[in-house]
2 protein chains.
Amino acid sequence: MTATAKTAKPKPSSRKRLVDAARELFWLHGYEATAVAEILERAKVNAGSLYYYFKTKEELLLAVLENYIELLEPEVLRPAFEATADPLERIFAILLGYRVLLTMTECRQGCPIGNLALEMSEKSEPVRELIARNFENWRLAVRRCLIDAGPRLPGDVDRDKLATFILTVMEGSVMLARASRSLDAYDAAVAMLRDYIARLTERAARPIDGALRPADAQESERTNREETEP
Amino acid sequence: MTATAKTAKPKPSSRKRLVDAARELFWLHGYEATAVAEILERAKVNAGSLYYYFKTKEELLLAVLENYIELLEPEVLRPAFEATADPLERIFAILLGYRVLLTMTECRQGCPIGNLALEMSEKSEPVRELIARNFENWRLAVRRCLIDAGPRLPGDVDRDKLATFILTVMEGSVMLARASRSLDAYDAAVAMLRDYIARLTERAARPIDGALRPADAQESERTNREETEP
DNA sequence: GTCTATAAGACGATAGAC
DNA sequence: GTCTATCGTCTTATAGAC
């Protein structure tokens, strides 16, 4: 059993420790507010090693953003997809993951990509592009769920745009939850989103029979409450 | 005609110049990335004067956030409300204002409160509270429009939560537009929001007659296109 | 690849004259 | 209220030994 064996868990390489430490600190305090010295301290690495692997602090950020792309599947999608096999419910399981994150941090920490998007999009074009790729990654996963829902959604609903809308609601509601230190805005937004999607699927199921609409609406609202106030 | 006459437009006071310069630079580059020296240069004020009015850089940020509360009515709401008297259309006129902002800056600049919310919410409690008050101000204006729409919205639609949802969509879509340097995400989100509100008003207008639904849906989609791709 | 020491400058904030 | 000069501190990044 050598130090490089996959089953053994020795100290990760300096490079990996740097990316992990930087990822966490950029998430906690932002890019500008994180000093290189803090990253070195947390990673237990010396300055010389950091600048051996990365030419600048910004290059380290690029490595962090690449890392987030790799982490989407195992850290966000897989846990959510294991919760349910229903494609539409999988979307809400992803959203629930961010709710758990907000709960665990008392609404202090949200989506790390959203933070960096607003702070860094104007400062570096390579950074902006990687952020856009992160969003696109997330959006395509949601779009996959919408496509898998098949005829439950009316054929004239644009899966691509609906996926964008869902990402929009997620990022916006996490922002408001952090600013207000409350889950209210998050829950209100997800409940509305659920109601909207319920109305869309409802229309696909009964395109000409609308006599039962008021009852349907009440049911969809009850469903929201179950989701957002567990 | 003295220098203090309201009709005259002499150089604004140093304090006002500082708040104006800081507001613009915090919006362009964020709080941490803006040096006090830059603010002084833009405001044509010396360091001594800044620290005569404000104890710290953070206190200047608080003044900027107070200023944004004052600017909501004349800079955001009034122009949008002059465009139309229809309460629901007024909401989309507000959203159009942010679209104009994105267009003018090639998707480089968005909502200044959203930027500061993600950057500063964890760093200073007074700052976070003022950011939350800014969002609440905006949200109450939208809620007012929803209430003014009266019976066009079904009685069981929670105006409060719908207003939160609209703010959520606005902030999220501006974030994605900036990250992707494209209005596509913004337009997709606003189109979906318009479709959702159209479905809600439709239900209020004809609570039991649903035979015309497919035609209604087509019409609401055409309306979206007019709004989001002018 | 890793270490220590330090360069070179930007940073927020202050002192004290006017 | 405004001015200039400057204080410590913190910053990113580098040099050069091991």
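1. A:Asp86 and A:Arg152 form a salt bridge, with the closest N and O atoms 3.1 Å apart. The pair joins distant parts of the chain, 66 residues apart. A:Asp86 sits in the loop between helix H4 (57-83) and H5 of chain A, and A:Arg152 in the loop between H7 and H8 of chain A. The term salt bridge here means a side-chain nitrogen of Lys or Arg within 4 Å of a carboxyl oxygen of Asp or Glu. Helices (H or I, at least four residues) and strands (E, at least two) are DSSP runs, numbered from the N terminus.

2. Some ground rules. This is a predicted model, in which local features need pLDDT of at least 70 and side-chain atom pairs count only at pLDDT 80 or more, while totals for chains, interfaces and linings use all residues. Residues are numbered from 1 along each chain as its sequence is written, chains are lettered from A and ligands numbered from 1 in the order in which they are written, and side-chain values use heavy atoms, with hydrogens and water left out.

3. How exposed are the partners in point 1? A:Asp86 is partly exposed, at 25% relative accessibility. A:Arg152 is also partly exposed, with a relative accessible area of 36%. The classes are buried (under 20% relative accessible area), exposed (over 50%) and partly exposed in between, using a 1.4 Å probe and protein chains only.

4. The fold of chain A is helical. Chain A has 10 helices and 0 strands. Of its 230 residues, 53% count as buried. Contact means heavy atoms within 4.5 Å. Among contacts in chain A with a separation of 6 or more, 67% come from residues 24 or more positions apart. The accessible surface of chain A is about 10,700 Å², and carbon and sulfur atoms hold 54% of this surface. Accessible areas come from the Shrake-Rupley method with a 1.4 Å probe; for residues, only the protein chains shown count as cover.

5. Now the interface. In chain A, 55 residues are in contact with 55 residues of chain B. The area buried between the two chains is about 4,700 Å², with 64% from carbon and sulfur atoms. A:Leu118, A:Glu122 and A:Met192 supply 14% of the area that chain A buries against chain B, more than any other three residues. Buried area is the accessible area (1.4 Å probe) that two parts lose on being put together, summed over both.

6. Polar links also cross between the chains. The count between chain A and chain B is 14 residue pairs in polar contact, both residues at pLDDT 80 or more. On the chain A side, the elements giving two or more residues are helix H6 (112-120), helix H7 (125-148), helix H8 (159-180), helix H9 (184-205) and helix H10 (213-228). H8(A) gives the most, with 15 residues. A polar contact is a pair of N or O atoms within 3.5 Å; within protein, one must be able to donate a hydrogen and the other to accept it, and residues adjacent in sequence count only if both atoms are side-chain atoms.

7. The structure holds 36 salt bridges over all chains. Across the interface of chain A and chain B there are 6. B:Glu122 pairs with A:Arg178, the closest N and O atoms being 2.4 Å apart. This pair runs from the loop between helix H6 (112-120) and helix H7 (125-148) of chain B to helix H8 of chain A. B:Glu122 is partly exposed at 24% relative accessible area, whereas A:Arg178 is buried at 3%.

8. A:Glu122 meets B:Arg178 in a salt bridge (2.4 Å, N to O).

9. A:Glu106 is exposed, at 54% relative accessible area; A:Cys107 is buried, at 5%.

10. Last, the surface. A:Leu96, A:Val100 and A:Met104 make a nonpolar patch of about 280 Å². A:Val100 lies in helix H5 (residues 87-104) of chain A and is partly exposed, at 41%. Patches are made of residues with over 30% relative accessible area and no salt bridge: like charges are joined within 9 Å, nonpolar side chains (Val, Leu, Ile, Met, Phe, Trp, Tyr) within 5 Å.
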